[in-house]
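Biologist: Please show me the model, and then let us go through some of its features.

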Amino acid sequence: MTQRIRRLGPPLLLLAPSLVLVGVFVYGLIGANFAKSVTDDHSAATANGVEPTSVVWFQNYTTLLKSEEFQHSLINLVLFTVVFLLGTLVIGFVWAWLLDKPIRGEGFFRSVYLFPMAVSFIASGVVWRWLLNSTQGEGASGLNRLFQMVGLDFLQNNWWNNVTFGILAITIPAIWQLSGYVMALFLAGFRGIPDELREAGRMDGASEWQVYRHVLFPQLTPIMLSALIIIGHMSLKSFDLIMSISKPANYQTKVPAVDMYLAKSSFDYANAAAIGTILLVIVALVIVPYLVKTNRQEK
Amino acid sequence: MRVNRRVAATVASAAVLGLSLTACSSDDSDGSDGGSASAGAGDASEVEVFTWWAAGSEKAGLDALVNVFNDQHADTKFVNGAVAGGAGSAAKDLLQSRLQTNDPPDTFQAHAGAELQDYIDAGQIQDVSNLYDEFGLKEAFPKDLLDRLTVDGKIYSIPSNIHRANVVWANPTVLKDAGLDPSATYDSMDDWFTALDAVKKSGKTALSVATTWTQVNLLETVLISDLGADGYSGLWDGSTDWAGSDVTDALTDFQKLMSYTNTDRDGLDWPDATQQIIDGTAGFNVMGDWAEAAFEEADKKAPADYVYFPVPGTDGVFDFLADSFTLPVGAPHPGGAKNWLETVGSAEGQEAFNKAKGSIPARTDADTSDFSDYQQTAIESFGKDTIVSSLAHGAAAPVATLNAITDATSKFTTGASDLATYQSDLAAAVKG
């Protein structure tokens, strides 16, 4: 017994502060959030204990998931995430591939591609709001004006003001900001592959393309998975970029995070908590399989 | 290391100094204004005034009000609790959490009327009717306004200023180019449509509008125009049926008005829409009378550079909204808050504040001879018109209802719902 304490005690003691903090501020609050989401705490009166609340179990969830407005938000979220992921992965990968070949000024390009990530979403959102101005024809500005100047008038569109696909316009700044980051991930992946492998491939008579296709790309799968998870969970939680380009009340660009904000500011704490839990579940659907997989690999 | 220690010592001594100073000040003026019964008795050493007046004409107004306050209540120290950002939304979010954790400011700014309902339901603000009696405000404010402020026989805030939301602003040059008479006013929506068609034909934006809340502002003026003042007020007390055919007609008019507007509206806020009138790229705009300040800043003079008139069909109706101050339950310095409320309600306070902010006093006896031309017309209308509560600015409906109406309106104007769905969404929003 004492031996066991001596063996487990010090590490446990060392871990205790973070265990307690994570327990309270992550899992405790997730629990509190869930507990709130199954009540009928929908007004300032109930939130402050003037009127009683009761447990309604999953009624808030079913009402939310049935409402056309929330479905619209979920569809927007899916559209946004799919396009954001594809965009950053494809562009980031191509950039990394180009930079992988020894070219002059690699450091310069690397910084140029990576810089947008240093800008906060709020700041870039303000600029992109001007660029994505939906006026067409005479009073146009931003990208629409650019299209006119270069004679591509037919490309003018109303950007994020389209009610079905408007949300995709917001993926443009998102992709612009994070492609460089994905590039850095892939570039690190390329550089991590020992030269011997390429040489071995070449010795066996593989063409340059075949070396990439059969030797290098397969080894980038773990990188790709990490990029997928990182960009994916950022996309599911995206709020700031949408808020600064559009406005919370604009129906065309609603996502669950915006709904949560609006519910909270109209004192509807139960629905805000329910939306939070739904978001958490969606993010977990992406992250948990990844954690399980890495856990298995480490063993 | 030595530098660190010196910094730490400085910080510590500053903190000690601060503590002893606050101790002194609360000793000095303890109970100077206390003693009177119920609301507003107690510590008057200082008052933390929580507002979102942090910039522009709003800050100028607050500064002017503070000057009067310092004259009237030299013993009470004014602490500015202004929070900037998001047209008040940042302040409201912070206030929400402060009230919930029982850490209220001594008094906070809120739109007068139904927007207070949540605070009332939550038991977070006090009835200040006795202060109305004490300060003689019931005689000074118009009766229509008092009726709008009273909830179950109680009044929960003291208005500092009045704005009017049903005003059309227009550019006379654009109107002339479209073959219209700039001095004309219009009796009904149908008359106005003819004029809007003319502007549209001349190639300009006929009606400029901005993001969703300005569209809700437009909607409420259409509802007033088509339903009349009583019909409109009935929408909020249940005596007018949201599903009725007269509401359908009003929404049809609203839909038609939206067809005259600029397509980039959802990305703009009200100053951008007003700017289109100033620049002459749009003919008409519907906005509350704070737009007047934007014209003045651009050095424009009425009626040469811009004209204004009540929204067609709403002449004789004053669509009001007001900023007001409250007395939170558990305020740390209730005596200070009472002093602040006295200044807010006083004739001198209202004159100074409103002259600087560009709004009009809620008191009908304030001396307004040196106010601007627009303010004079608004003061005249306020004195004789029927007063109704603005929806977009929290006077007519609680926050949750307004948010639901805003959502339904955004859904409709972006084309995600048709008129029938819009009408049923609105009915559902008001039912809650």
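Modeller: Helix axes are lines fitted to C-alpha atoms over the stretch in contact, and angles run from 0 to 180 degrees between N-to-C directions. This is a predicted model, in which local features need pLDDT of at least 70 and side-chain atom pairs count only at pLDDT 80 or more, while totals for chains, interfaces and linings use all residues. Residues are numbered from 1 along each chain as its sequence is written, with chains lettered from A and ligands numbered from 1 in the order in which they are written.

Biologist: Are H3(A) and H14(A) roughly parallel or roughly perpendicular to each other?

Modeller: Helices are DSSP runs of H or I with at least four residues, strands runs of E with at least two, both numbered from the N terminus. Helix H3 (residues 59-66) of chain A packs against helix H14 (residues 269-298) of chain A with axes 10 Å apart and an angle of about 75°. Angles under 35 degrees count as roughly parallel, over 145 as roughly antiparallel, 65 to 115 as roughly perpendicular and the rest as oblique. H3(A) and H14(A) are therefore roughly perpendicular.

Biologist: Is Gly238(B) buried or exposed?

Modeller: Gly238(B) sits in the loop between helix H10 (212-237) and helix H11 (245-258) of chain B. A residue is buried if 20 or more other C-beta atoms, placed from the backbone, lie within 10 Å of its own, exposed if 12 or fewer, and partly exposed in between. Gly238(B) has 10 such neighbours, so Gly238(B) counts as exposed.

Biologist: What percentage of the residues in chain B are buried?

Modeller: Chain B contains 18 helices and 12 strands. Of its 432 residues, the buried share is 53%.
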